[in-house]
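Here is my note for you as you look through this structure. Please keep the picture open beside you and take the points in order.

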Amino acid sequence: MSVASVVTRNDPWTIDLAPGDLVRVRDDYPPGHIRTPVYVRGKVGRVTRCFGPFGNPELLAYRLTGPKEELYEVRFLQRDLWDDYAGPDKDTVDLDLYRHWLEKI
Amino acid sequence: MRGPHDVGGLPDGPVSTELHDLSFWEKQIDGLRAVIGAKGIVTTHENRRYVEGLGDDAYETLTYYERWTAALARQMIEKNILTQAEIDARVREIRERLAASGELAPEFGAQS
Amino acid sequence: MPHDHHDHDHDHEHDHAHEHAHAPPQPDDKVHSYYQMLGVALKELLVEKGVVTADEVRAAIEKRDQTTPAHGAKVVAKSWVDPLFRIKLLMNANQAVAELGFPMTTTQLVAVENDESVHHVVVCTLCSCYPRELLGLPPAWYKSRAYRARIVSEPRAVLAEFGTHLPDDVEVRVHDSTADMRYLVIPRQPAGTEGMSEVELAALITRDSMIGVSDVSAPGA
């Protein structure tokens, strides 16, 4: 049995993103109850905090149980979200996103 | 596919900062939701799913607590706690009660 | 018996509407919405079936009524005068606010501090997530489509509508509460208030400043 098969996302040792890491949000549009707003899908941001494991709302909305997901605060530059952003380049938006929506780049 | 609730970044007009105190019926729905939530009958996540599932029309035409009320009714029916027939009968009864006490707005007047 | 109960509740509702003399949601005391009747119907039926009790609902309403932005203001004022509390609030907000008697119920609080280089503002673009334990129920504008739609893409224009004009060298950082975290903004303490007591300071701190759409003003400013 490989190590990977016995380790779940509930296990802190599987944390594979750290503050400073660049991530791309999945550009997917599944049906169901999704807490990743459309405006950040496909966008690149930087992890700023790790909050630890939380229940996955996509399961909880249907009273299903399953592995928890690591929750991260991810910071996006406004100019990376909106082509015509009117303010300074330094302005940002922080969102709390679950691990399964993030691709490390 | 963008749900009707997922509005971040969409164009919209000025933010109306007019304050309005909640009416008693709005507070009552809020309280009812809190009690039902505390008992584990409906979770926050389920409630969000039902509110989102009311459809685009609900977001265009209903107020915040009207959406909550509609979502709560649907959940009570789907969880077999109340039936549609019971709810309809009680709404009719309340309408008659309000009509009798003169508290029904004119747009419902034709019913009395 | 059920009928006595309805009548009683109905009277209660009526009295309550009159207590809020400045409540403008309806131009009159009449029922204008099917959903209003539906809400009353659900409450009556759920009480009759024993799913909830009238007392439980009443207690929940009273608890909400007693939870006001004064709670948050007390937390912020303490963070202004007590550096150790401020550190605790920033590091472990749930513990810090619980110590002041305002425990979070199901969510985790994150406190973010405004300073000369960053101004924070909070939204929930997907619904109405809000630190209710500290600020009570959110104002109508916080739940409005216009605020939720625009604050993430044109925050400076929205802040200007609230009378908040920020220079370009200050970063505007919007927090979209998409998950289990709830955000409380620690506004900057206004200049000239250094000698004021915690209680006096708390009286200056507005709900809007803890959402981040405005700053706190010194008295008379």
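1. Among contacts in chain A between residues at least 6 apart in sequence, 60% link residues at least 24 apart. Two residues are in contact if their C-beta atoms, placed from the backbone, lie within 7 Å. Of the 105 residues of chain A, 33% count as buried; buried means that 20 or more other C-beta atoms lie within 10 Å of the residue's own, exposed means 12 or fewer, and partly exposed is in between, with C-beta atoms placed from the backbone.

2. Before you go further, please note that this is a predicted model, in which local features need pLDDT of at least 70 and side-chain atom pairs count only at pLDDT 80 or more, while totals for chains, interfaces and linings use all residues. Residues are numbered from 1 along each chain as its sequence is written, and chains are lettered from A and ligands numbered from 1 in the order in which they are written.

3. How many helices and strands are there in chain A? You can find 3 helices and 5 strands, and along the sequence they follow the pattern α-β-β-α-β-α-β-β. Helices (H or I, at least four residues) and strands (E, at least two) are DSSP runs, numbered from the N terminus.

4. Now trace the open sheet of 7 strands, whose order is S5(A)-S1(A)-S2(A)-S3(A)-S4(A)-S3(C)-S2(C), with mixed pairing. Strands pair if DSSP finds at least two bridges between them. S5 (102–104) of chain A and S2 (118–123) of chain C stand at the edges with a single partner strand each, so one side of each has no neighbour in the sheet. From one strand to the next, the twist averages 35 degrees; the axes here are lines fitted to C-alpha atoms (for helices, over the stretch in contact), and angles run from 0 to 180 degrees between N-to-C directions.

5. Where do chains A and C meet in this sheet? S4 (residues 92–98) of chain A and S3 (residues 171–176) of chain C pair in the parallel sense over 4 bridges. Val93(A) stands opposite Val174(C), and Leu95(A) is opposite Asp176(C).

6. Altogether, 18 residues of chain C are in contact with 19 residues of chain A. S3(C) gives the largest share of the chain C side, 6 residues. That side divides into 7 nonpolar, 4 polar and 7 charged residues. Here Ala, Val, Leu, Ile, Met, Phe, Trp, Tyr, Cys and Pro count as nonpolar, Asp, Glu, Lys and Arg as charged, and the others, Gly among them, as polar.

7. Turn next to chains C and B, where the contact takes 53 residues from chain C and 50 residues from chain B. On the chain C side, the largest share, 12 residues, comes from H2(C). By class, this side has 30 nonpolar, 10 polar and 13 charged residues.

8. Finally, have a look at H5 (residues 84–100) of chain B. In H5(B), Arg90(B), Ile94(B) and Leu98(B) are buried. Seen down the helix axis, the buried residues fall within an arc of 75 degrees, so they line one face of H5(B); the arc is that of the directions from the helix axis to the C-beta atoms. What covers these buried residues includes H2 of chain C. The face turned away from the buried side carries the exposed residues Gln84(B), Ala85(B), Asp88(B) and Ala100(B). After H5(B) comes Gly102(B), whose phi is positive, near 75 degrees.
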